[in-house]
Amino acid sequence: MKHRVLVVEDNLANRELLCDWLEAEGFEVISAENLDQGLAAFTIEPPQVVLLDVQLASEDGLSLARWIRQEPEMRHIPVIAVTAHAMVTEQERVIEAGCNACISKPIDFKLLSKQIVRWLGHAASLLPRS
Ligand code: MN
C-alpha cells in the first residue's frame, strides 16, 4: 500500500515540484496551500507523513504542527518542516513546534528522501504490534 503524504505549501511552483517528485517516488500525495486546507486533509484520511512549509503566505505553518501534536489520534504523524531560513534559531523554532525534522530550501531531494524514510519507519515502530 502506498504511503500518503500531505504537502502543505503556499507557493504553486514549489507545491507542484514537491508533489511531482513524491508521486514519482511512489507516494500517494495530497496537497494544501494554507492552514484550512491542511486541517481539512486530516478529517478526510490522515496522512502518514506531512511536509510542511513553515511560511504559508501570512499564516504560520508551524501552528499546524502544534495542532497535530495536540491531537491524540494524530500526534504520532511525522512532520518534516521546509523553511527558507537555514539559521540554527529557525531550526530550534521548528523543532520546538513539534516537527521531527527541518529541511531548508532549495530542497535537497536526496536528503528529503532519507528523512521521509527515517520518520515513516519511526512512526511505524510506535504502532502496536498485532
Ligand atoms: Mn511559503
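1. A residue is called buried when its relative accessible area is under 20%, exposed when over 50% and partly exposed in between, with a 1.4 Å probe and protein chains only. By that criterion, 42% of the 130 residues of the chain count as buried.

2. The note concerns a predicted model, in which local features need pLDDT of at least 70 and side-chain atom pairs count only at pLDDT 80 or more, while totals for chains, interfaces and linings use all residues. Residues are numbered from 1 along each chain as its sequence is written, and side-chain values use heavy atoms, with hydrogens and water left out.

3. The chain contains five helices and seven strands, arranged along the sequence as β-α-β-α-β-β-β-α-β-α-β-α. Helices (H or I, at least four residues) and strands (E, at least two) are DSSP runs numbered from the N terminus. The radius of gyration is 14 Å, close to the 14 Å given by the globule rule for 130 residues, so the chain is as compact as a globular protein of that length; the radius is taken over C-alpha atoms, and the rule is 2.2 Å times the number of residues to the power 0.38.

4. Five strands form an open sheet with parallel pairing, in the order E2-E1-E3-E6-E7; two strands pair if DSSP finds at least two bridges between them. Strands E2 (28–32) and E7 (101–104) stand at the edges with a single partner strand each, so one side of each lacks a neighbour in the sheet. On average, neighbouring strands of this sheet are turned by 20° against each other, direction ignored. Axes here are lines fitted to C-alpha atoms, for helices over the stretch in contact, and angles run from 0 to 180 degrees between N-to-C directions.

5. Strand E1 (residues 4–8) pairs with E2 in the parallel sense over five bridges, and valine 5 stands opposite valine 29 in E2. Helix H5 (residues 109–126) packs on the sheet, where it touches strand E3 (49–53), strand E6 (79–83) and E7; the direction of H5 makes about 170° with that of E7. Contact means heavy atoms within 4.5 Å.

6. The manganese ion is coordinated by Asp10 (OD), Asp53 (OD) and Gln55 (O) at 2.1 to 2.2 Å. Donors are N, O and S atoms within 2.8 Å of the metal (3.2 Å for Na, K and Ca); water is not among the atoms, so sites may look incomplete. The donor residues are spaced D-x42-D-x1-Q in sequence. Aspartate 53 counts as buried because its relative accessibility is 5%, whereas glutamine 55, at 47%, counts as partly exposed.
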